[in-house]
Amino acid sequence: MTRILITGASGLLGLNLSLMEIGTHTIIGLDRSKLADTPFELIRADLTEPGLFSRLIETVKPDAVIHTAANANVDSCESDPQGARYLNGELPGSLAESASKAGIRFVHSSTDAVFDGTKGGIYTEADAPNPLSVYARTKLLGEQMVLAANPQAIVARVNFFGWSLSGTRSLSEFFYNKLSSGEQCNGFTDVYFCPLFVGDLAETLVRMLDKGLLGLYHVVGSEALSKYDFGQRIARQFGFDEGLVRPQSVENSGLTAKRSHNLRLSIHKLSTDLGQSIPGISTGIEQFYTQLQQGYPQKMRSYQQVGDL
Ligand SMILES: NC(=O)c1ccc[n+]([C@@H]2O[C@H](COP(=O)([O-])OP(=O)(O)OC[C@H]3O[C@@H](n4cnc5c(N)ncnc54)[C@H](OP(=O)(O)O)[C@@H]3O)[C@@H](O)[C@H]2O)c1
């Protein structure tokens, strides 16, 4: 049996990871204050507390850590570059170092946004990053600090969608919330990405651990599409009016941080080393739909700390 400590257990990736049924693995979720009565073991802590992580490792005795805690809000990072540098860059390096000293596997979640999007084709792990925003720069620093401190770590550049605790965290929820209320919404026609359903991402990260992979991997979906097309696919799957998704350029969006236009990432290294194919967008959107039918978002929200509702 493997004990896996998940940081950021209240987050989009962290909560889906923590709720995953993963055979013989035991999950311990680390959360600051948002969760209660979860079906997995919960530890309340702020990762920025000095010495906390080393103490946790001694008491919890995990075999592996999947680090998802971050400031993952691209625009809010612009107004707090120092805080973002610490949380997304320096802290992961020091956690990875502690894990290495204790002989514990460490998985760090990074982002496709480390690329500037100017390459004409698909980015591989060998391509040089050139981040455009504070968020992307601090995430790239995190990758570098993790691998320098712990060469046995996995650094996974991800992009994903699914249901979250707040019901508003993911792009898929943005489209679902707008379209289900009959509201128009904008989808960028000039941003291409490879989103992976969060359930598929969670399973893939655990398989990477089980398989003993290490180093830098692109862990995204196997198909690229524009954010506009993604919105249309959500509309079709749920039977909403596709015409409510309006085509827009990201350049006219008014978003604070600069975005890359091309985030097509190759998953060749991942699928080869795992010895299996990586799911595409159709099955992912179907699962997103099925989870709603099965009451998964409501189940998630039942683990929300009462004062936090
Ligand atoms: N969402 C995407 O599509 C996407 C794309 C590319 C990369 N990523 C990366 O994937 C990872 C997970 O992203 P996400 O979307 O799941 O993020 P998220 O939903 O914003 O969750 C972030 C988590 O980090 C926790 N956290 C923040 N500061 C903390 C601290 N000091 N101590 C303990 N926990 C702390 C938050 O806790 P609170 O709830 O208490 O604030 C929350 O649980 C991040 O590394 C992100 O950069 C995400």
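Why is S5 largely enclosed by the rest of the structure? Some notes on that strand and on the ligand shell follow.

1. Ground rules: this is a predicted model, where local features need pLDDT of at least 70, side-chain atom pairs count only at pLDDT 80 or more, and totals for chains, interfaces and linings use all residues. Residues are numbered from 1 along each chain as its sequence is written.

2. Back to S5 (105–111): seven of its seven residues are buried, so the strand is largely enclosed by the rest of the structure. (Buried means 20 or more other C-beta atoms within 10 Å of the residue's own, with C-beta atoms placed from the backbone; strands are DSSP E runs of at least two residues, and helices H or I runs of at least four, numbered from the N terminus.)

3. In a regular strand the side chains alternate between the two faces of the sheet. Here Arg105, Val107, Ser109 and Thr111 point one way from S5, while Phe106, His108 and Ser110 point the other.

4. S5 pairs in the parallel sense with S4 (residues 64–67) over four bridges, and valine 65 has phenylalanine 106 as its bridge partner. (Pairing takes at least two DSSP bridges.) S5 also pairs with S6 (residues 154–158), again parallel, over five bridges, with histidine 108 opposite valine 155.

5. As for the ligand, 25 residues surround it, the closest being Gly8, Gly11, Leu12, Ala69 and Ala70. (The cut-off is a C-beta atom, placed from the backbone, within 6 Å.) H1 (12–19) and S5 each supply at least two shell residues, and H1 gives the most, with three.

Terms used
A residue is buried if 20 or more other C-beta atoms lie within 10 Å of its own, exposed if 12 or fewer, and partly exposed in between; C-beta atoms are placed from the backbone.
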